[in-house]
Amino acid sequence: MNAAVKLHEVEIPIRALKTASLYEIRTDGFVGLVDSGMNDSTIESLASSGFDVSEVDLLMLTHLHVDHVGGSLAIQEKSGCKIAMGEQDYRILVGIAEDPEGFKKRYVKRAIENGFPPELEMSITKGLPFSSDARRFLDLKVDMLIKEDSSLSHGITYITVPGHSPGSIAFLIQSQGLLFAGDHLLERITPNIGVYEGGVDMLGEYLKSLEKVRNKNFKTCLPGHGHPFEGISGRIDEIERHHSSRLREIENACAEWSSAFSVASRITWNRGRQLSDMNEMEKNFAFGEALSHLIHLSRTGRVTMKSISGVLKYKREPA
Ligand SMILES: [Zn+2]
Ligand SMILES: [Zn+2]
């Protein structure tokens with residue numbers, strides 16, 4: 001029997017995205033939900049489109065970003081549902097929830113080490129996705145911590161797709177060719193690749209995860225923002241081309257020793273925008289994106305990194 005899948009788009013207060021896409025899955029008396037929106041108001045949004053969350057048996061969280069986990073506490077409280085999410089993302093979330101100030105301090109320190117002007121410190125923290133309410137997440141009860149590809153139940157399986165976050169998970173209904181991709185694969189937006197603690201090459205991980213998904217030949221991608229779409233392999237090609245041209249642009253921006261902030265200020269972002277046109281959260285995303293590309297360039301030997309007067313700088317290797 002095929003599972004019935006229904007898309008629910010809920011509004012979120014992030015300018016560039018506007019909505020998050022949640023998926024109700026029904027099969028054999030089982031009710032699953034993929035992602036939870038940004039806050040408690042998800043419950044009313046879902047109710048207004050005819051879905052009572054008290055029915056949910058299992059909430060599947062694709063990754064730790066607040067526009068995906070933000071409604072999870074309220075949904076679990078109302079339904080008593082089990083929760084499945086990637087182990088690494090859960091550990092990061094708990095780390096932030098246990099010590100939001102420490103997380104903020106480390107974040108600011110890293111930003112300043114990478115050339116973010118110290119006088120913008122306020123704006124760095126304002127743009128932080130978990131600045132408010134982080135402690136609430138200590139109450140979240142996660143029943144299934146996903147470390148490796150495996151199966152859940154009711155025909156649902158999952159694969160790890162690190163990159164957009166360290167513990168990103170895609171949920172699958174293989175018999176129907178459905179890939180619930182979270183933000184790993186979006187149709188109109190290139191998923192943001194940021195930087196996490198531990199110095200991992202997140203862009204390198206992301207590119208590997210794209211190929212992993214391509215090789216599985218799914219028919220339909222059900223993304224974390226926007227509508228389901230087909231042509232997954234073609235979309236992966238586009239995203240890969242985007243990163244290779246951005247890598248080239250960033251490599252070229254390092255003719256002289258440059259910090260990640262300086263690079264982010266000099267390159268042109270999507271739709272011809274400059275760093276100075278962006279709000280605080282967007283600036284942080286752009287900065288993280290520049291840094292993740294620089295880390296990938298340095299791991300693949302295309303730029304050299306060194307600390308100059310306490311700031312990490314990068315320079316292109318001579319061709
Ligand atoms: Zn995300
Ligand atoms: Zn998202």
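## Zinc site

Donors are N, O and S atoms within 2.8 Å of the metal (3.2 Å for Na, K and Ca); water is not among the atoms, so sites may look incomplete. Along the sequence, the donor residues of the zinc ion (ligand 2) follow the spacing D-H-x114-D-x41-H. They are Asp 67 (OD), His 68 (NE2), Asp 183 (OD) and His 225 (NE2), at 2.1 to 2.2 Å from the ion. The zinc ion (ligand 1) lies 3.5 Å from the zinc ion (ligand 2), and Asp 183 coordinates both.

His 68 belongs to helix 2 (residues 66-69), while Asp 183 sits 115 residues away in the loop between strand 10 (178-182) and helix 7 (202-214). Helices (H or I, at least four residues) and strands (E, at least two) are DSSP runs, numbered from the N terminus. His 68 and Asp 183 are both buried (under 20% relative accessible area, 1.4 Å probe, protein chains only).

An open sheet of mixed pairing holds 6 strands in the order 1-2-3-4-5-6; two strands pair if DSSP finds at least two bridges between them. Strand 1 (4-11) and strand 6 (144-146) are the edge strands, each pairing on one side only.

Strand 2 (residues 19-27) and strand 3 (residues 30-34) run antiparallel and are joined by 5 bridges. Ile 25 stands opposite Gly 32 in strand 3.

## Basis

This is a predicted model, in which local features need pLDDT of at least 70, side-chain atom pairs count only at pLDDT 80 or more, and totals for chains, interfaces and linings use all residues. Residues are numbered from 1 along each chain as its sequence is written, chains are lettered from A and ligands numbered from 1 in the order in which they are written, and side-chain values use heavy atoms, leaving out hydrogens and water.

Terms used:
Buried means under 20% relative accessible area, exposed over 50%, partly exposed in between (1.4 Å probe, protein chains only).
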